[in-house]
Amino acid sequence: MSIHRWLIFVAVVLGLSLGMHYYAFSRLVRPLALPASVMRLLPWFFGIMALSIPLGPALSRLLPRTFSAPIAWIVYGWMGLIFITCAVLLVSEILRLPFSVWVEHHLADVAQPERRRFVARGIAQMMAAASVLLSGYGVWEALRKVRPKIVDIHLRKLPPALSGLSVVQLTDLHIGPLLGKHFIEQLVKSTNQLAPDIIAITGDLVDGSVSELGKSVAALGDLRARYGVYFVTGNHEYYSGATAWVQYLTSLNIRVLRNERVRIEHDDAAIEIAGIDDWSAGQFSDGHGANLPLALANRDASIPVILLAHQPRAVIEAATWHVDLQLSGHTHGGQIFPFNFLVRLQQPYVSGLHWHGPTQIYVSQGAGFWGPPMRLGHPAEITHLRLHAPSRDLEPA
């Protein structure tokens with residue numbers, strides 16, 4: 001990313017952060033009428049935390065892991081809390097009018113200014129409690145053991161001999177300051193217990209360099225699948241040294257698909273696995289970039305193909321090539337409600353199984369998290385896809 005684009009990105013994030021912090025302070029903190037000594041300090045605290053959101057992640061990357069992990073927990077944890085607080089406060093704006101009417105009716109003998117303060121303080125107290133409770137639940141949801149999610153998919157061209165083929169999709173692990181070796185080892189154990197035929201890792205594996213995180217990721221070499229383990233890059237690999245990661249994962253017996261495909265054969269039946277670089281790869285690294293025509297060159301259209309593409313928006317081109325199934329991640333399902341509605345502005349699909357023209361796409365909510373160590377309404381998943389040959393002609397829904 002050029003310095004110009006980076007500065008624009010930081011400026012936008014800083015502006016959003018300052019706006020959210022000002023909104024939370026004015027609508028939540030001020031009405032609480034805390035002691036004057038506390039109120040003198042809180043504007044400084046909110047200002048510092050607003051600055052930490054764009055600057056903290058960069059600082060955590062520059063420092064040794066001993067220092068970066070605590071900084072990341074504080075900054076990202078606060079990021080999640082302030083986002084949930086703002087979302088809760090927006091809901092409170094809807095509740096403010098009926099609550100005011102109730103107060104007007106039941107406290108008619110109280111002076112108007114006092115009634116207004118009572119309404120503001122009461123709503124602030126309820127919203128503060130709701131924000132803390134929702135944030136706590138979000139942390140629990142993000143950090144508990146990731147559970148498999150079974151998804152049955154009927155592929156129109158899948159040969160009967162391959163019906164029942166199982167694919168485990170792992171995506172968006174985001175190994176870095178907050179998730180590390182223990183998380184990977186637990187994920188590998190859970191995945192191997194599913195005894196998959198194929199394992200597909202669809203990007204955003206890491207948030208850091210090979211030298212920083214290689215040992216944490218090494219347990220991926222213990223993944224076992226009948227027909228192999230495959231990987232495609234996500235956008236975060238390009239913030240972390242994609243070329244070095246491609247080489248390292250290859251050394252772990254993981255097949256990295258870079259605009260190419262492989263054929264899997266069983267009992268004279270075949271299916272192909274194709275993979276492309278991340279949608280944004282060309283902006284970050286010479287020699288990288290999504291090239292679907294290259295990945296599907298000289299394809300036998302009678303053989304079903306599964307495309308591994310980190311970002312769901314790759315399905316728009318995939319549909320023109322009549323790809324049978326695309327597996328993607330990137331979105332985390334939104335991770336924290338209601339952020340999923342914002343993700344929908346950038347990606348055609350946020351989670352789950354969909355038809356896009358002749359192509360089916362499954363978007364996994366991912367196994368890890370990025371930023372806030374929270375998930376709210378969008379739990380993590382190890383996606384266990386079971387492929388079936390249809391008993392009748394399958395048409396898009």
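**A walk through the model**

Modeller: Helices (H or I, at least four residues) and strands (E, at least two) are DSSP runs, numbered from the N terminus, and two strands pair if DSSP finds at least two bridges between them. This is a predicted model, where local features need pLDDT of at least 70, side-chain atom pairs count only at pLDDT 80 or more, and totals for chains, interfaces and linings use all residues. Residues are numbered from 1 along each chain as its sequence is written, and side-chain values use heavy atoms, with hydrogens and water left out.

Colleague: Which residue stands opposite isoleucine 150 in S12?

Modeller: That's histidine 384.

Colleague: And how do S2 and S12 pair?

Modeller: Antiparallel, over four bridges, with S2 covering residues 166–170 and S12 residues 382–388. Valine 167 faces leucine 385 there, and serine 166 has arginine 386 as its bridge partner.

Colleague: What's the strand order in the open sheet?

Modeller: S1-S12-S2-S3-S4-S5, six strands with mixed pairing. S1 (148–154) and S5 (255–256) are at the edges with a single partner strand each, so one side of each has no neighbour in the sheet.

Colleague: Is S12 mostly covered or uncovered?

Modeller: Mostly covered, as five of its seven residues are buried. Buried means under 20% relative accessible area, exposed over 50%, and partly exposed in between (1.4 Å probe, protein chains only).

Colleague: Switching topic: which residues of H5 are buried?

Modeller: Phe183, Ile184, Leu187, Val188, Ser190 and Thr191. Seen down the axis of H5, the buried residues fall within an arc of 170°, so they line one face of the helix; the arc is that of the directions from the helix axis to the C-beta atoms.

Colleague: What's on the face turned away from that buried side?

Modeller: The exposed residues His182, Lys189 and Gln193.

Colleague: Last one: what lines the second largest pocket?

Modeller: There are 14 lining residues, and Leu28, Val29, Phe46, Trp78 and Thr85 lie nearest its centre. Helices H1 (3–29), H2 (36–62), H3 (65–106) and H4 (112–143) each give two or more residues to that lining, and H3 gives the most, with four. A pocket is an open set of points on a 1 Å grid over the protein atoms alone, where a 1.4 Å probe fits, with protein on both sides within 12 Å along at least five of seven lines; lining residues have an atom within 4 Å of a point.
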